[in-house]
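Me: I have a model open and would like to learn how to read it. Can we go through it feature by feature?

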Amino acid sequence: MIDWDVAVNTGVRLVRPGPQVDLSDARQAVAQLRELSTVAAGHVREFTGMNPLEPAGPAVIVDRPGWIRANVDGFRVVLEPVLQQMGAERLNTSPAGNLTSAVGSRITGVQLGAVLSYLAGKVLGQYELFLPPGPDGTSPTGRLTLVAPNIVNTEREMDVDARDFRLWVCLHEETHRMQFTATPWLRAYVQELMQELLLSSEMDAAALIDRLRAAGEAVADAVRGGRDSNLLTAFQTPEQKEIMDRVTAVMSLAEGHGDYVMDAVGPEVVPTVERIRARFQKRRETLNPLDRIMRQLLGMDLKMRQYEEGAAFVSAVVGQVGMAEFNKVWTSRETLPTLTEIRDPNAWIDRVVRPAAIAE
């Protein structure tokens, strides 16, 4: 269904070059980011009370093409088992399968590469959950990656202290690493949700036409300036919406927790954190028309809402019951908040924290 080599080649060819940086400055930035990722890990561990079950080590520093290659590898890890499970018969006989076959795997690869080339200029860092197996056949638990050109470009555009900004970014990304290395079941749960979402994509011809019409309306609405339309929701069936709500809940928790920790730890270790946060938020809100349309269609505005709702959930719960009680959220998939609970923290407290307190 997807020509992965075409995806990589397209993305690398189309991605815009990073900022002009002297070789010595580039080397200094890479070295400092590695150092600060380790420093941030200590701050996150102390503040959250969480403990990783494996040694972390410094972050991996990449450029934009490196980020594209890493993400294509991640897509392969998630998608290929699903494609095998779907089987050749389903791919060749379903309307979605026929459409994909007609377009061709190379075209699909070009589309994926084009999207990644756009995103590669925006992402500051990420915790890569899905990595190819190592030489011994075992799957790594994950890898923290920082995109150096984007971090340097952003700190220059915002005119903020470089070291403070780099540490601030590392605090957020190291929180993600802590979430998954201290909670080993969480990675499998996220992968299960993603595969369940993909496997639910079969639809009849009438439903496919409706989804395509909805996608066209989403594009038109985004161009007109509408705020709620995107391609992710346009293609969802009712079954996929229920699964997507669970995905949104866990991602809102993860992203909101990262934002909460970075801002809570920030005043102690990042002297200019208030200036950084204010300018970063202004930068998020000030977009050119093309960026605004692309961000909305790709669901990036939805991700911003996840940051906001998730951070509000974490702040409310920690404020009411403390960090130790909040950390019960990482106990099992049953203690994760639902999307409704993300928006109503008291409901999660009543379900998870207070019954335990009464029992004690």
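**Reading the fold, one feature at a time**

Reply: Start with a pair of strands: in β3, I61 has L146 as its bridge partner. Keep in mind that this is a predicted model.

Me: In which sense do β1 and β3 pair, parallel or antiparallel, and over how many bridges?

Reply: Strand β1 (residues 60-62) pairs with β3 in the parallel sense, over 3 bridges. On the other pairing, β2 (residues 125-128) and β3 (residues 143-147) run antiparallel and are joined by 4 bridges. Two of the partner pairs there can be named: Y127 has L144 as its partner in β3, and Q126 has T145.

Me: Which residues of β2 are buried, and on which sides?

Reply: Both faces of β2 are covered, with G125 and Y127 buried on one side and Q126 and E128 buried on the other. β3 is mostly covered too, as 4 of its 5 residues are buried.

Me: How many helices and strands does the chain have?

Reply: There are 17 helices and 3 strands. Of the 360 residues in the chain, 47% are buried. Contacts can also be sorted by separation in sequence: among those between residues at least 6 apart, 79% join residues at least 24 apart.

Me: What should I look for in the interior?

Reply: The general idea is that nonpolar side chains tend to be buried together in soluble globular proteins. In this model the largest nonpolar core has 59 residues, and F165, L253 and F326 touch the most other members. Helix α11 (residues 238-269) gives this core its largest share, 9 residues. A second, separate core of 17 residues includes V15, V62, L79 and L116.

Me: Which residues is L253 in contact with, leaving aside its neighbours within four places in sequence?

Reply: Those contacts are F313, V314, F326, V329, W330, L336, P337 and I342.

Me: Where is V152, and is it buried or exposed?

Reply: V152 is in helix α6 (residues 148-158). V152 counts as buried because its relative accessible area is 8%, and the cut-off for buried is under 20%. Beyond its neighbours within four places in sequence, V152 is in contact with P19, V21, A29 and R166. V152 and A29 are 123 residues apart in sequence, yet their C-alpha atoms are 7.9 Å apart in space.

Me: What is the phi of D159, and where does D159 lie?

Reply: Phi of D159 is near 55°, a positive value in a residue other than glycine. D159 lies in the loop between α6 and α7 (162-181). With a relative accessible area of 52%, D159 is exposed.

Me: How do I read the charged pairs?

Reply: Side chains of opposite charge can pair when their charged atoms come close. The whole structure has 15 salt bridges. In one of them, R106 and D3 meet at 3.9 Å, N to O. That pair links distant parts of the chain: R106 is in helix α5 (residues 105-119) and D3 in the segment before α1 (4-14), 103 residues apart. R106 is exposed, with a relative accessible area of 55%.

Me: Which side chain does E192 meet in a salt bridge?

Reply: E192 meets R333, at 3.1 Å, N to O. E192 is in helix α8 (residues 185-199) and R333 in the loop between α15 (323-326) and α16 (339-342), 141 residues apart. E192 is partly exposed at 37% relative accessible area, and R333 is partly exposed at 34%.

Conventions. Residues numbered from 1 in each chain as written. Predicted model: local features only at pLDDT ≥ 70, side-chain atom pairs only at ≥ 80, totals over all residues. Heavy atoms only, no water. Buried < 20%, exposed > 50% of the residue type's maximum accessible area, 1.4 Å probe, protein only. Contact = heavy atoms within 4.5 Å. Core = buried A, V, L, I, M, F, W, Y, C linked by side-chain atoms within 4.5 Å. Pairing = 2+ DSSP bridges. Salt bridge = Lys/Arg side-chain N within 4 Å of Asp/Glu carboxyl O.
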